[in-house]
Amino acid sequence: MESLFEQLGGTYTRQGDYCLPNVCLPPEEERPIGIYGQRRRAYLKGHHRVLYYNLLTAGTLDGHLADIEEQAQELFLWLVEQYADAEGVTEEVKANDPQAWVRKMNGIRHRANEAVMQEIVYG
């Protein structure tokens with residue numbers, strides 16, 4: 001008599017005295033996972049292990065990480081633009097005093113990155 005697993009097309013591999021089911025994760029769509037997605041993976045793995053393993057075993061972890069990456073990149077670019085406008089960091093400043101522009105933009109990028117980490121990656 002076949003098991004339900006075998007009736008549904010499942011197969012087993014003999015390992016010593018045991019028969020182990022041949023299972024694999026469903027293939028996921030290939031999407032880029034950048035730095036924010038990698039940070040999210042590390043955060044979930046370290047602080048939310050149950051969610052991490054649920055996503056992993058369901059085959060949706062990479063999709064989740066790619067979504068996080070897209071959201072984080074969009075928020076980062078929007079925040080940089082908003083901060084630069086609010087602080088008057090323009091192309092004119094860039095042309096007249098490039099070093100001051102770089103200093104200000106580095107500060108803006110740092111603050112935007114911190115906001116993205118708090119809102120998207122750790123949220």
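A: A nonpolar core is here a set of buried Ala, Val, Leu, Ile, Met, Phe, Trp, Tyr and Cys residues joined through side-chain atoms within 4.5 Å. What follows concerns a predicted model.

The largest such core has 16 residues, and those that touch the most other members are Tyr 36, Phe 76, Val 80, Val 89, Met 105, Ile 108 and Val 116. Helices α4 and α6 each supply at least two residues of this core, and the largest share, 8 residues, comes from α6. Val 116 shows how the parts meet: leaving aside residues up to four places away in sequence, Val 116 touches Tyr 36, Ala 72, Leu 75, Phe 76, Leu 79 and Val 121. A second, separate core of 6 residues includes Tyr 43, Tyr 52, Leu 55 and Leu 61.

The axes of α2 and α6 come within 11 Å and cross at roughly 50 degrees, which makes α2 oblique to α6. This crossing of α2 and α6 is right-handed, and the contact is formed by Tyr 36, Arg 39, Arg 40 and Tyr 43 on the α2 side and by Asn 113, Val 116, Met 117, Ile 120 and Val 121 on the α6 side. By residue type, the contact of α2 with α6 divides into 6 nonpolar, 1 polar and 2 charged residues.

Helix α2, spanning residues 35–47, also packs against α4, spanning residues 61–87; their axes come within 7 Å and cross at roughly 125 degrees, and the two helices are therefore oblique to each other. The crossing of α2 and α4 is likewise right-handed. From α2, the residues Ile 35, Tyr 36, Gly 37, Arg 40, Arg 41 and Leu 44 meet Leu 61, Asp 62, His 64, Leu 65, Ile 68, Glu 69, Ala 72, Gln 73 and Phe 76 of α4. The residues of this contact divide into 8 nonpolar, 3 polar and 4 charged.

With a relative accessible area of 33%, Arg 109 is partly exposed, and, not counting residues up to four places away in sequence, Arg 109 touches Phe 76, Val 80 and Trp 101. Of these, Phe 76 and Val 80 are among the core members named above for touching the most other members. The C-alpha atoms of Arg 109 and Tyr 83 are separated by 8.9 Å, although the two residues lie 26 residues apart along the chain.

Methods:
Residues are numbered from 1 along each chain as its sequence is written. This is a predicted model: local features need pLDDT of at least 70, side-chain atom pairs count only at pLDDT 80 or more; totals for chains, interfaces and linings use all residues. Side-chain values use heavy atoms; hydrogens and water are left out. Axes are lines fitted to C-alpha atoms, for helices over the stretch in contact, and angles run from 0 to 180 degrees between N-to-C directions. Helices (H or I, at least four residues) and strands (E, at least two) are DSSP runs, numbered from the N terminus. Angles under 35 degrees count as roughly parallel, over 145 as roughly antiparallel, 65 to 115 as roughly perpendicular and the rest as oblique. A crossing is left-handed if the near helix is turned anticlockwise from the far one by less than a right angle, and right-handed if clockwise. Contact means heavy atoms within 4.5 Å. Ala, Val, Leu, Ile, Met, Phe, Trp, Tyr, Cys and Pro count as nonpolar, Asp, Glu, Lys and Arg as charged, and the others, Gly among them, as polar. Buried means under 20% relative accessible area, exposed over 50%, partly exposed in between (1.4 Å probe, protein chains only).
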